[in-house]
Amino acid sequence: MPPVFDRDDQNPHPYDDALAIWLNSVESDIRSMARNLMHDHRVSREREKAFDSFFKHPAKADALQHAIDDYFKARVRTSNLPDFVLESLNRNNLLTGTGSLKPIIHKDVELVRTFDLNRLIPVYQWAMDRRNKKKKWRKCLAKFPIKPTNDEIDKWLDDEIGGGSEEHIEEMVATVLDIVNTYSLKQPFHPTWATTWAAFEPHKKHGPDRWLQVLGVAVPPPKWVILLKYTVAEAGRLVRPTMLDAGWYAYHFPSPRETPLSEGGHPMDIRIQPRANRLLPEYIHRQIQHPIRHWIDAGGASGAIGQTKVPDRESLTDQRKSHHELLASVYGTTVYSWMNSPD
């Protein structure tokens, strides 16, 4: 029987039948999620037990898939205290904020994240409600569409950012960040995914398409994307991610056992022509308040904002195979005994 979370001490396992169906699926994302669930050693026994409460044993294939989403939404995405920051469930993945233990990564290390301005329709709608709208938001929201479909949001942002001066763009970004910061006090949105500025900076000059590719973010263009730079100290408790912190997302790839905890994980670079030859670290933390300084420090209007244009035309199977081989080139052939196939 296949391992579950890189453990094979429970045989048979309640997930066995579901995993067998997933591994034989014609859908690459389902096969990939089977591999993630089988080999993600970062999921502790305590975390597995918390996840188990979201379905009945033995798990049916559909029920197990729904459980990944349900657990993510309830215990990660919208929780005031998400499971990934709890020492009782996730101590093996904590890099900072562990009480008497020395932090694994220094508080002054600079982090960077991407932020998609197009995906915020519910947040913008909340800000437009007269009960929530601040006076200082009105100027930037003056032309917000009455019926904010995806296309209308795209056009609104194109008009506000694409044709604006640097001063107007900064005002717009500051307003959006303030809206999100305010909204998050009532409705959290965890986790935040980040890498180190030192590892990411060589890719910055290549623009927003490359920003998302190198961090394993597969979303169709066009999207207005900004960079936010801040320190580990500002991030709060920094954590190595697991598949349970990504929900049903096959572009997430577990890190092998040999990966140092200080590296967190490694995002899967979805560009495979040319292939990546270097791994970036990958961390998560709770949603934090982002002042406009975080954007300005990343480059502001002259280098920390742009619109994506290039669709992802590669197959998930090829992307995961490429990343699997890169992991083996860095950590050795033991990667193949840990995960013999990425999908």
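Tutor: Look at what lies over the buried residues of α1: the cover includes α2 (28-39) and α4 (61-77). Bear in mind that this is a predicted model. Helix α1 itself runs over residues 16-23, and the residues buried in it are Asp 16, Ala 18, Leu 19 and Trp 22. They take up an arc of only 160° around the axis, which means that they sit on the same side of α1. The general rule behind such a pattern is simple: an α-helix has 3.6 residues a turn, so residues three or four places apart point the same way. Now turn the helix over. On the face pointing away from the buried side you'll find Asp 17 and Ile 21, and these are exposed. By exposed I mean over 50% relative accessible area, while buried means under 20%.

Now zoom out to the rest of the chain. Take the contacts between residues at least 6 apart in sequence: 77% of them join residues at least 24 apart. The radius of gyration is 20 Å, which agrees with the value near 20 Å for a compact globule of 343 residues. Along the principal axes, the C-alpha trace spans about 60 × 50 × 45 Å. As for the surface, the chain exposes about 15900 Å², with 51% of that coming from carbon and sulfur atoms. Finally, the charges: there are 46 positive and 45 negative side chains, and the centres of these two sets are 5 Å apart.

Notes
Residues are numbered from 1 along each chain as its sequence is written. This is a predicted model: local features need pLDDT of at least 70, side-chain atom pairs count only at pLDDT 80 or more; totals for chains, interfaces and linings use all residues. Side-chain values use heavy atoms; hydrogens and water are left out. The radius of gyration is taken over C-alpha atoms; the globule rule is 2.2 Å times the number of residues to the power 0.38. Contact means heavy atoms within 4.5 Å. Accessible areas come from the Shrake-Rupley method with a 1.4 Å probe; for residues, only the protein chains shown count as cover. Lys and Arg count as positive and Asp and Glu as negative; His and the chain ends are not counted. The place of a charge is taken as NZ of Lys, CZ of Arg, CG of Asp or CD of Glu. Buried means under 20% relative accessible area, exposed over 50%, partly exposed in between (1.4 Å probe, protein chains only). Helices (H or I, at least four residues) and strands (E, at least two) are DSSP runs, numbered from the N terminus. The arc is that of the directions from the helix axis to the C-beta atoms.
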